[in-house]
Amino acid sequence: EEDSESYSKTLLDCIPKKEKKDLMIHIIENLEDIEQNKFTFFINELFQSLIKKDQDDLIKLLNKNIINTKSTTYLLSFLNHFPKNIWKRLNDLARARIQEKVKKEIKNGQIISCSFNTPEKTTGILGIEAASWLSLFSNQEEIYEILFDKLESSDSEAKFAITNFPFHLQL
């Protein structure tokens, strides 16, 4: 359950080189089962330890899973467990899928607080988790417009953006 940088590196040293790619495949295939903020350092260290060809293969798998998932939890887990520098390595369709899903969740979001463990029971949680990624999105202006509309709204549920986005906006 530890997820420090030093613990992750030590754990990684215990995994045989030939098993690292298989482990990363297993992680990507089961990403939605990993708790928020658990193993983030480890996943990053494991991914970075692989040769470029293996990383490219894993990016293809991530692309496929992101494009095909119907689960908000999978996308939440991707945003939570992978570093932002992976964004440019995703294909256009995978990035567009995430961006449009985030935009839709922000537009329809009606929560003041959320729980990562119950994202299907709330709307807007994907938008909250993606807040720190917005500067990478090609549709960020549209998303900011939606947020500002919510801020100006008289509907108190629409103002969920006030408590969840103010520190992430980069105008």
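Predicted model: local features only at pLDDT ≥ 70, side-chain atom pairs only at ≥ 80, totals over all residues.
Reader: Noted. How far apart are Leu-79 and Glu-129, in sequence and in space?

Author: They are 50 residues apart along the sequence, and their C-alpha atoms are 6.9 Å apart in space.

Reader: And is Leu-79 buried or exposed?

Author: Buried. Its relative accessible area is 4%, and the cut-off for buried is under 20%, so Leu-79 qualifies.

Reader: Which helix is Leu-79 in?

Author: Leu-79 sits in helix H5, which covers residues 72-81.

Reader: How many residues of H5 are buried, then?

Author: 10 of its 10 residues, so the helix is mostly covered by the buried cut-off of under 20% relative accessible area. Among them are Tyr-74, Leu-75, Phe-78 and His-81.

Reader: Nice. What do those buried residues pack against?

Author: Five helices come up here: H2 (17-29), H3 (40-48), H4 (52-68), H6 (92-108) and H7 (125-129).

Reader: Let's take H6. At what angle do H5 and H6 pack?

Author: The angle is about 110 degrees, and the two axes are 12 Å apart. That makes H5 roughly perpendicular to H6.

Reader: Which residues make that contact?

Author: On the H5 side, Thr-72, Leu-75, Phe-78 and Leu-79; on the H6 side, Ile-98, Lys-101 and Glu-105. Sorted by class, the contact has four nonpolar, one polar and two charged residues.

Reader: Back to the start of H5. What caps its N-terminal end?

Author: Ser-71 does. One of its side-chain oxygens lies 3.1 Å from the backbone nitrogen of Thr-73.

Reader: Changing topic to the chain as a whole: how many helices and strands does it have?

Author: Nine helices and zero strands. Reading along the sequence, you get α-α-α-α-α-α-α-α-α.

Reader: What share of the chain is buried?

Author: Of its 171 residues, 46% count as buried.

Reader: One more. Among contacts between residues at least 6 apart in sequence, what share joins residues at least 24 apart?

Author: That share is 71%.

Reader: Great, thanks!

Note on methods
Residues numbered from 1 in each chain as written. Heavy atoms only, no water. Buried < 20%, exposed > 50% of the residue type's maximum accessible area, 1.4 Å probe, protein only. Helix = DSSP H or I, 4+ residues; strand = E, 2+ residues; numbered from the N terminus. Contact = heavy atoms within 4.5 Å. Polar contact = N/O pair within 3.5 Å; in protein donor to acceptor, adjacent residues only side chain to side chain. Axes fitted to C-alpha atoms, helices over the stretch in contact; angles between N-to-C directions. Parallel < 35°, antiparallel > 145°, perpendicular 65-115°, else oblique. Nonpolar A, V, L, I, M, F, W, Y, C, P; charged D, E, K, R; others polar.
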